[in-house]
Amino acid sequence: MAKAVGIDLGTTNSVIATVEGGQPTVIPNAEGSRTTPSVVAFTEQGDRLVGQLARRQAILNPKGTITSVKRFIGRRYDEVETEIHTVAYDVVPGPDGAVRVKVHDKLYAPEEISAMILRKLADDAGKFLGERVTEAVITVPAYFNDAQRQATKDAGRIAGLDVLRIINEPTAAALAYGLDKKSSETVLVFDLGGGTFDVSILDVGDGVVEVRATAGDTHLGGDDFDRRLVDYLADEFQKENGIDLRKDPQALQRLFEAAEKAKVELSSVTQTQVNLPFITADANGPKHLVVTIMRSTFEQLTADLIERTMGPVQQAMADAKVTSADIDEVILVGGSTRIPAVQQLVRRLTGGKEPNMTVNPDEVVAVGAAIQAAIIKGEVKDVLLLDVTPLSLGVETLGGVSTKVIERNTTIPARRTEVFSTAEDNQSAVDVVVLQGERELAADNRVLGRFRLEGIRPAPRGVPQVEVTYDIDANGILNVSARDKDTGAEQRITISESSNLDKGEVERMVQDAERHRSEDARIREQVDARNELDAVAYQVERRLEELGDRVPSHERQRAEMLVADARQAVKENAPVDRMRSLSAELQQVYQSLVASRPADAGASPNGADQTAQPADDDDVIDADFTVS
Amino acid sequence: MADSQTHETETRTEASQADVEPAARSEPDPQLLRALADLDNLRKRYERQLASASEAERARVTSLWLPVVDDLERALQHNDGEAGPILEGVRAVYDHAISLLARLGFDRFEDVGQPFDPARHEAVGTIEADAPPGSVVAAVRPGYEHVDEVIRPARVVVARARD
C-alpha cells in the first residue's frame, strides 16, 4: 500500500514526514538531508535542478534559479509588486493578472514551481521508504487565503499527488504535540523560520483545531540574525585592519558560514570563537580573524530583531481577545526559536509559560502534517496498538534475588526462555516464583504466582536443565512454564492480569527501583559473589572426591582449607572482596586439579562450570533455583 | 491486585504433548498481514541504513576536520614567496593530512577545466576567462569525495563568455 505523507512546503526549506508503526518520522532526501531547500533551477543546458543542487548553481544562473516561490503562489501580480524586487528572477503578469515566473522566455505558474519541489520530496521519500508516495497532507501558513490554498493544492496535483488536505502550519504543530486531544485549550504558536515570522493563536479541543488569530512579519527570520553577526565581525575587522571583508566575495562567504555556526553554538554555550585564519592579506602579510563572541554580545546585536516579534504577538493576542493568562500552551516552531533570547521573550509575553519544544522545531510542522495524513488514512486507528510490559518479569533464583526473564518496556506479544539448574545435589523439585518489578531482591518485587516442578532425577547440583519459558500474549496474559529437559516433565501457570496495574502503581514501582538502585546493586553483587563462591567450592570439593588419593596430600590440604574458608565465608556472608578473592583462589585450584589429571569418567562433562558462569553453548545461566 | 489473578496449574508430561490441537486454517487476518509486511519492510530498510550508517558517520566526522586542512592549505598559499624551515614543516603537516584523508578513502578534487556540475561544485563567482564558458576556472576551496560520493562540493569560480 502506498504511503501517505505530510509535507511542510516552506518559503526557504521544505520537510517531508510519514507515520510508520504509529510513529511519525522525517524522511531524508536523496542527498541525505532532512530538509530540502525550496529552490528550483532551470539551467542553460536545459536541466532542471531542485533543492541543494539548485542552490549551488544559483550564482551562475540568477535568472533561472527560483527561490521563495511561496511568496507568489496563488497571488495576483498587483498584490506582489513589492515582493518582486526581493528576488533575482523575473516575475511577470500572466493571464487574468496572475503571477508568472519567466525563465529563458518560458512562463511558469508558481504552482508549477512548487510542484517540482513537491515531486522531488515525494520521489526521494518513495525511494527511501521503498514504496511509492501518492498521498499527502500539505501545510500552508494560517494567513493563506482561498486562492493561495487552492494554488498549493493544485501544486500537489501537478506533482501527481493526491492532496488529502491542506492544513495550517500552526495546526500541524499543535497536532505534533497531540494538543488536539486536550479538551479545551488556547495555544500560541510562535514560528520564527529562516525568512518569515508567524504567530498564531489556536483554540484546540476534542479533535478540532481552530485558528483564532494570526499575525507576523513576512521578512524576519534567522538570516537576519546571521547578517547582524557578519556585519559585527566585518566591522571589528575593518576597525583593526582597515580592510572591509564584505568587498571580498570569498572572505564574505567564509564569514557567513562562520557567523551561522557561531549563532547555532551560542544557543547552547555562552561564548564561542570565530576562527578564520588567512581570511585576507595585505602588504604586511596574511591577516587572521580570530574573535570570541559572547552570547550577550550576540543578544545586543540582535535585540531589535527580537523586539520586532513582540508587535505581532501582541497583535495576535489582541485579535483573539486573549491575555497571557488565557494561554495554556506555547509551541515553538522554526530553527530560530532555539535562540535563548527568543525563548525568553516568548516566556515573558506569555506570562512565564514554559514553551513546548521537544519536537525538533525545524520538523514539527511536517511531523504534524504526517500525523494528519495518518489520521485521514485511518492508519493511526488501524495500526495494531502494540503494548509493552510495564514492569520486568522475573524468576526468583538462589540467594533470594530476581533474575529478569522479560525486561520492562518489551513490546508484547513476547516469549523468552531461560535454562536454570538446581542448587543442591539430588534436588528433586524446583520452585518457580514468578516476579514482577524492577528490584533486585525477590522479596521487594510483586509475586505473580508460584508453582513447583517435581520429579527431577537425582543428580549433582547444576546438572539438571530446567527450561523456563515466559510467554505474554497480545492481551498481556502471561504463561509461565517450566520443563525438565531430561524427563520432559512440565508444569505451567497462567497469570491473566500481569499487565493490569494502574499507571500510578507502575510509576511507583519504577521509581522505587530507581531510588534503591545502588543499594540493590550492592545486594545483588553480594548475592552473586556468594553464589559464585559456593559453586566453585562445591566443584573443588567434588573434584577432590573424584580424584581421591591421586591428589598429593599438600595440594589436598590446601584445597580443603580453602573450601572450609569458603563455606565459612558463605555462611557468614563475608564482604564481597573476601568472597571474590576466595573464589579466584579456588578457581585456580580447580583449574590445576583439572589440568594435571585426566578427567574421571564419572565426572559430569559440563556440570563443573554451569553454576559459575554462563556456558555459551547451552544457554545455562548462572542462577539456580532455591532448594525446595 | 493479587487476588484478581487467576492461577491455573496443570501438569503435563511428554505423553500429553503429543495431542497438539490441529492448526485451524482460515483467512489470514488482514491487519496481521499488514503488520507483518510493515515489519518486513522496516527490517529491509534498517538493513540498508545500517550498512550506510557507519560510512555516513565516518564522512560526517571527517568533514568536520576538513576546515582545518583548508586552513593549512591557505597558510601555504599565503607564503608562496618565501621559503624556510617553518614553511617546509607546515607543508609536511599538510601532506600528512592529505595522505591520511586519502588513506581513509577521501580524495581531494578541484576539477579545474571541467564543466561546472552542481553535484560536485558550488559556484561562488564567475570570471571572464579564456577557458570555455561554464567550465571551472579555479577552486577557492577544494572538494572531497569518497568513492563516488561527494562529501563536500568544491567551491569554484566559473568561466563566463567574454562580452
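The model is predicted. Val5(A) also belongs to the largest nonpolar core, where Val5(A), Ala174(A) and Ala369(A) touch the most other members.

**Nonpolar cores**
- The largest nonpolar core holds 112 residues.
- Helix α10 of chain A, residues 364-376, gives this core its largest share, nine residues.
- Another core, of 27 residues, lies apart from the largest one. Its members include Val430(A), Val434(A), Ala442(A) and Ile456(A).

**Chain B overall**
- Chain B has two helices and seven strands.
- Starting at the N terminus, the elements of chain B follow the order β-α-α-β-β-β-β-β-β.
- Chain B has 163 residues, of which 15% count as buried.
- Of the chain B contacts between residues at least 6 apart in sequence, 57% link residues at least 24 apart.

**A sheet in chain B**
- Three strands of chain B form an open sheet with the order β3-β7-β4 and mixed pairing.
- The edge strands are β3 (121-128) and β4 (136-141) of chain B, and each pairs on one side only.
- From one strand to the next, the twist averages 30°.
- Strands of a sheet pair through backbone hydrogen bonds, in either a parallel or an antiparallel sense.
- β4(B) pairs with β7(B), residues 154-160, in the antiparallel sense over four bridges.
- Ala139(B) has Val156(B) in β7(B) as its bridge partner.

How values were computed: Residues numbered from 1 in each chain as written. Chains lettered and ligands numbered in written order. Predicted model: local features only at pLDDT ≥ 70, side-chain atom pairs only at ≥ 80, totals over all residues. Core = buried A, V, L, I, M, F, W, Y, C linked by C-beta atoms within 7 Å. Buried ≥ 20, exposed ≤ 12 C-beta atoms within 10 Å, placed from the backbone. Contact = placed C-beta atoms within 7 Å. Pairing = 2+ DSSP bridges. Axes fitted to C-alpha atoms, helices over the stretch in contact; angles between N-to-C directions.
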